[in-house]
Amino acid sequence: MKIFETVINHKINTITGDELFKYAQQFNIGVNKQQAYKVAQYLKGKNVNIFDDRERLALIKEIAKIAGPEVAREVNKLFVQFTK
């Protein structure tokens with residue numbers, strides 16, 4: 001299971017705006033392309049573990065600051081989908 005977590009976290013830490021937007025559409029998450037680019041730019045190189053609730057919460061708080069609380073809630077929904 002650890003390898004699965006490593007792969008998912010690596011993807012999150014290197015995701016592009018286009019990829020994030022594609023995943024948001026796939027999972028019916030309300031994030032537009034501009035918001036996806038903002039979030040992806042922030043995530044790039046952060047090396048965050050979305051499987052750790054504390055780290056994910058801190059990340060979501062930072063996303064709320066740069067893209068707004070609604071976008072942060074939607075991105076969190078996407079992260080939860082990735083961790084299932």
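1. In this predicted model, helix α3 passes helix α4 in a right-handed crossing. Helix α3 covers residues 33-43, and α4 covers residues 53-67. The two pack at an angle of about 130°. Their axes lie 10 Å apart.

2. How are α3 and α4 placed relative to each other? They are oblique. An angle over 145 degrees would count as roughly antiparallel, and 65 to 115 degrees as roughly perpendicular.

3. Which residues make the α3–α4 contact? Helix α3 supplies Lys38, Val39, Tyr42 and Leu43. Helix α4 supplies Leu59, Glu62, Ile63, Ile66 and Ala67. By class, 7 of these residues are nonpolar, none is polar and 2 are charged.

4. Now the other pair. Helix α2, residues 17-26, and α3 have axes that come within 8 Å. These axes cross at roughly 125°. The pair α2 and α3 is therefore oblique. Helix α2 passes α3 in a right-handed crossing.

5. The contact of α2 with α3 can be listed residue by residue. From α2 come Gly17, Asp18, Leu20 and Phe21. From α3 come Lys33, Ala36, Tyr37, Val39 and Ala40. This contact has 6 nonpolar residues, 1 polar residue and 2 charged ones.

6. Look at Val39 of α3. Val39 takes part in the contact with α2, and Val39 is also listed in the contact with α4.

Conventions: Residues numbered from 1 in each chain as written. Predicted model: local features only at pLDDT ≥ 70, side-chain atom pairs only at ≥ 80, totals over all residues. Heavy atoms only, no water. Axes fitted to C-alpha atoms, helices over the stretch in contact; angles between N-to-C directions. Helix = DSSP H or I, 4+ residues; strand = E, 2+ residues; numbered from the N terminus. Parallel < 35°, antiparallel > 145°, perpendicular 65-115°, else oblique. Left-handed = near helix turned anticlockwise from the far one by under 90°. Contact = heavy atoms within 4.5 Å. Nonpolar A, V, L, I, M, F, W, Y, C, P; charged D, E, K, R; others polar.
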